[in-house]
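The structure is shown first, and the explanation follows.

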Amino acid sequence: MTGVDGATGADGATGVTDATGGTGAARLTRAQDLGVDAVSVELAGTRLVHEVSLAAAAGQVVGLIGPNGSGKSTLLRCVYRVLRPAGGAVRLDGDDLHALTARETARRVAALTQEHSAEFDFTVAEVVAMGRLPHRRGLGAPTEGDRERCAEALRRVRAGHLAERGFLSLSGGEKQRVLFARALVQEPRLLVLDEPTNHLDIAHQLELLALAREAGPTVLTALHDLNLAARHCDLLYVLRAGRIVAAGPPGEVLRPALLAEVFGVRATPVRHPETGTLQLLFDRLPHAERPARPDRSDRSDRPDRSPDA
């Protein structure tokens, strides 16, 4: 997760009661509208994202899908301010995020990125408590309320038993759940998730995306699993070679012809027998039917190891 950690605000947050009768993840009283307006991104003289526009209404879960190298992670990095757009603007409730101070942004946006590194072996409890830093003055100690929020977030992601473990001793999936708990305690208006289900088993994949919605913020997420995208997203935007090629509800976007064109696969749509949710079965396309790959040098969906990562 990046340093654009979560939100506070005078309106605060309240606990929600989950189906088991416990107190759930903190739900914000007000999420905020996200607008990405004609954003372009250039790195090392190469344009990787081309005048992309998208919108997420307050409280919506909006997904970015597309093949590797399509620009999803590059676009998300503009949203959580690791990259500055070469053109266009990213707005949250009308405010240009790149015109705000870092602290102002940190009170409104949290991001869970694909890759994370830690050089010091903090305990899990200490890592999650870092999500409360934007709520405190200076580097003061966590309050009792902070500690309660952190403990509850760890319970929600089924990681309460890890609280005293060293972060570096965790598996990849355990780390991802802990960092998601840190994002929850930040109470952001906008939650940006870049492949959040990496390293997670199927049960934790479903739980994490459900918790993201239950927590209350607007969510913008990049996903490779199209069935998870169909199940959890209100809207999908399809990126190819740094451009939006389709947008709309999952049932309108995830059509076999488009998936063949963009992903080079044969998709068979089916409906879940209980929920009716769209699900997709995939097969390889014969080589002769595969679309030509776009001429583009973008490597934006790889980990942050180089300027064009």
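An open sheet of 6 strands runs in the order E8-E9-E10-E5-E11-E12, with mixed pairing. Strands here are DSSP runs of type E with at least two residues, helices are H or I runs of at least four, and both are numbered from the N terminus. Two strands count as paired if DSSP finds at least two bridges between them. At the edges lie strand E8 (109-112) and strand E12 (243-248), each of which pairs on one side only. From one strand to the next the twist averages 15 degrees.

This is a predicted model, in which local features need pLDDT of at least 70 and side-chain atom pairs count only at pLDDT 80 or more, while totals for chains, interfaces and linings use all residues. Residues are numbered from 1 along each chain as its sequence is written, and side-chain values use heavy atoms, with hydrogens and water left out.

Strand E5 (residues 61-65) pairs in the parallel sense with strand E10 (residues 218-222) over 4 bridges. Across this pairing, leucine 64 stands opposite alanine 222 in E10. E5 also pairs in the parallel sense with E11, again over 4 bridges, and there isoleucine 65 stands opposite valine 238. Of the 5 residues of E5, 5 are buried, where buried means under 20% relative accessible area, exposed over 50%, and partly exposed in between (1.4 Å probe, protein chains only). In a regular strand the side chains alternate between the two faces of the sheet. In E5, Val61, Gly63 and Ile65 point one way and Val62 and Leu64 the other.

Helix H9 (residues 256-263) packs on the sheet, touching E5, strand E11 (235-240) and E12. Contact means heavy atoms within 4.5 Å. The direction of H9 makes about 35 degrees with that of E11; axes are lines fitted to C-alpha atoms, for helices over the stretch in contact, and angles run from 0 to 180 degrees between N-to-C directions.

Helix H1 (residues 72-79) has 8 of its 8 residues buried, so H1 is largely enclosed by the rest of the structure. Just after H1, arginine 81 takes a positive phi of about 75 degrees.

The largest nonpolar core has 50 residues, and those with the most contacts inside it are Val128, Leu154, Val178, Phe180, Leu191 and Leu254. Such a core is a set of buried Ala, Val, Leu, Ile, Met, Phe, Trp, Tyr and Cys residues joined through side-chain atoms within 4.5 Å. Helix H5 (residues 172-186) gives the most to this core, with 7 residues. Apart from it lies another core, of 31 residues, among them Leu48, Leu83, Val109 and Leu239.

Beyond its neighbours within four places in sequence, valine 128 is in contact with Cys150, Leu154, Val178, Ala181, Arg182 and Val185. H5 itself is mostly covered, with 14 of its 15 residues buried. From its first C-alpha to its last, H5 reaches 22 Å, close to the 21 Å expected at 1.5 Å a residue; the expected span is 1.5 Å times one less than the number of residues. Just after H5, glutamate 187 takes a positive phi of about 55 degrees.

The protein chain as a whole has 9 helices and 14 strands, and 51% of its 309 residues count as buried.
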